[in-house]
Amino acid sequence: KSFKMMPVMLWGIAILGKRYTLSDWCVAAAVTGGVSEFMLTGGISANHQHGTSVHGLILMLCFLGLDGFTSTFQEKLFKEHKTSKYNQMLYVNSFSGLVSFITLAASRKIGVAFSFCGQHPRFIADAFFLSASSVGGQWFIYSQVKEFGALVFAATMNIRQVISILVSYATYKHPISGLQIIGLALVFAGLFYKSYAGLAADRPKKDRETTPLLTKDAEQPMPAKMA
């Protein structure tokens, strides 16, 4: 997930024809590298150890490609087809429900699913609150993609990962290594530079907008000529 910015930029070039500057690539590399270093250099591994496999690596690559494509194509729909976030939420969730129903029907598990709901009524309430939370999260996701683009959303997801891990560390009293601190410094340095560059680029535009069309000298009337 921490590598999401790079696939989003590649999909942006392929789908939307975007062009990114060298500083954009450097910021993406800093954020990606910082999050990766933070996650890989601390004591965050599980108690059990399982070997990696080529199959797992392929699944991860497919996930990165499809995940980056999703937000980029959402941005394309917003820009080119002027769709609203409510349209996309409705159709995406409806299609997801249809796929789930077809999967249950194909596996002949519809009866088992309804039987489970009947045996565990609390499950229905939990599923309802989980669905409501998911819809709320989707609203913020679509809003950010529409207003700021897929790349900003990808950067936000990286920051969310770091904050989630920091909250977990603070809650369960896990120590943070020196390399993890360096990773955090890379992440926030890259994001700070991106914000500063954006503000610096907007400043000349604002100065032009606030500059009066006529100076004080030009506003003074010309003296009348002597006859």
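Author: Helices here are DSSP runs of H or I with at least four residues, numbered from the N terminus. The model is a predicted one. In it, α4 (85-106), α5 (110-119) and α6 each supply at least two residues to the lining of the second largest pocket.

Reader: What makes a residue part of the lining of the second largest pocket, and which residues are they?

Author: A lining residue has an atom within 4 Å of a point of the pocket. For the second largest pocket these are N93, S100, L104, A113, C117, S131, S134, V135 and Q138. The helix that gives the most is α6, with 4 residues. The space in this pocket is about 270 Å³.

Reader: How many residues of that lining count as nonpolar, polar and charged?

Author: Asp, Glu, Lys and Arg count as charged, and the lining has no charged residues. Its other classes are 4 nonpolar and 5 polar.

Reader: What is the volume of the largest pocket, and which residues are closest to its centre?

Author: The volume is about 520 Å³. Of the 22 lining residues, F148, G149, L151, V152 and K194 are the closest to the centre. Two or more residues each come from α1 (5-16), α2 (22-40), α3 (54-80), α6 (121-148), α7 (150-172) and α8 (178-210). The largest share, 5 residues, is from α7. By class, the lining of the largest pocket has 12 nonpolar, 3 polar and 7 charged residues.

Reader: Where does UniProt place the feature "transmembrane region", and how much of residues 90-111 and of residues 123-141 is helix?

Author: The unreviewed UniProt entry places it at residues 90-111, 123-141, 148-170 and 176-196. Such annotations may be inferred rather than shown by experiment. In the model, residues 90-111 are 86% helix and 0% strand, with end C-alpha atoms 26 Å apart. Residues 123-141 are 100% helix and 0% strand, and their end C-alpha atoms lie 26 Å apart.

Terms used
Residues are numbered from 1 along each chain as its sequence is written. This is a predicted model: local features need pLDDT of at least 70, side-chain atom pairs count only at pLDDT 80 or more; totals for chains, interfaces and linings use all residues. Side-chain values use heavy atoms; hydrogens and water are left out. On a 1 Å grid over the protein atoms alone, a cavity is a set of points where a 1.4 Å probe fits but cannot get out, and a pocket is an open set with protein on both sides within 12 Å along at least five of seven lines; lining residues have an atom within 4 Å of a point. Grid points are joined across faces, edges and corners, and a volume is the space filled by probe spheres set on the points.
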